[in-house]
Amino acid sequence: MADTVMATFQVKAGMVDRLSLLLDKHFATISRLGFGGGPKPVRVVLEQPTGPILYDIFDWNEGAIGKAHDNIEVQALWREIDACCESRGGKPGLDFPHVKRLSS
């Protein structure tokens with residue numbers, strides 16, 4: 001069973017395109033490594049006066065998140081992704097709530 005995440009990114013000014021490219025690379029990498037897969041991620045951006053918020057909904061394979069934390073290739077991508085984000089309005093730059101898909 002998949003573990004669906006709605007990754008939420010408080011994106012720095014001018015970094016939405018860069019972050020989107022990194023997230024494409026991230027999904028390709030976790031899929032290749034057997035950590036993720038399933039439907040193509042759903043990615044949307046919400047433009048706010050304080051800056052853009054990008055949402056990326058995707059699936060991890062069951063039990064794979066912990067393995068990804070130990071993988072140096074994935075960790076390197078996470079560092080690049082983190083550099084595109086910032087804390088704003090009391091919210092962290094990155095957040096990863098687990099959600100349940102209601103439809104595929």
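Student: How many salt bridges does the count come to?
Tutor: This is a predicted model, in which local features need pLDDT of at least 70 and side-chain atom pairs count only at pLDDT 80 or more, while totals for chains, interfaces and linings use all residues. Residues are numbered from 1 along each chain as its sequence is written, and side-chain values use heavy atoms, with hydrogens and water left out. A salt bridge is a side-chain nitrogen of Lys or Arg within 4 Å of a carboxyl oxygen of Asp or Glu. By this rule the count is six.

Student: Which residue forms a salt bridge with Glu80?
Tutor: Side chains of opposite charge can pair when their charged atoms come close. Here the N to O distance is 2.7 Å, between the side chains of Glu80 and Arg18. The pair links distant parts of the chain, 62 residues apart: Glu80 lies in helix H3 (residues 72–82) and Arg18 in helix H1 (residues 16–32). Helices (H or I, at least four residues) and strands (E, at least two) are DSSP runs numbered from the N terminus, and the partner asked for is Arg18.

Student: Is Arg32 buried or exposed?
Tutor: Buried means under 20% relative accessible area, exposed over 50%, and partly exposed in between (1.4 Å probe, protein chains only). Arg32 has a relative accessible area of 55%, so the residue counts as exposed.

Student: Where is Glu73, the salt-bridge partner of Arg32?
Tutor: The closest N and O atoms of Arg32 and Glu73 are 2.4 Å apart.

Student: Which residues are linked with Arg43 in a network of salt bridges?
Tutor: The side chains of Arg43 and Asp24 meet in a salt bridge of 2.8 Å, N to O. Arg43 belongs to strand S2 (residues 36–46) and Asp24 to helix H1, 19 residues apart. Arg43 is partly exposed because its relative accessible area is 23%. The network links Arg43 with Asp24 and Asp56.

Student: How many bridges join S2 to strand S3?
Tutor: Two strands pair if DSSP finds at least two bridges between them. S2 and S3 (residues 53–60) run antiparallel, and Gly37 stands opposite Asp59 in S3. The number of bridges joining S2 to S3 is seven.

Student: Which residue takes a positive phi in the hairpin of S2 and S3?
Tutor: This hairpin has six residues between the strands. The phi in question is near 135°, and the residue that takes it is Gly51.
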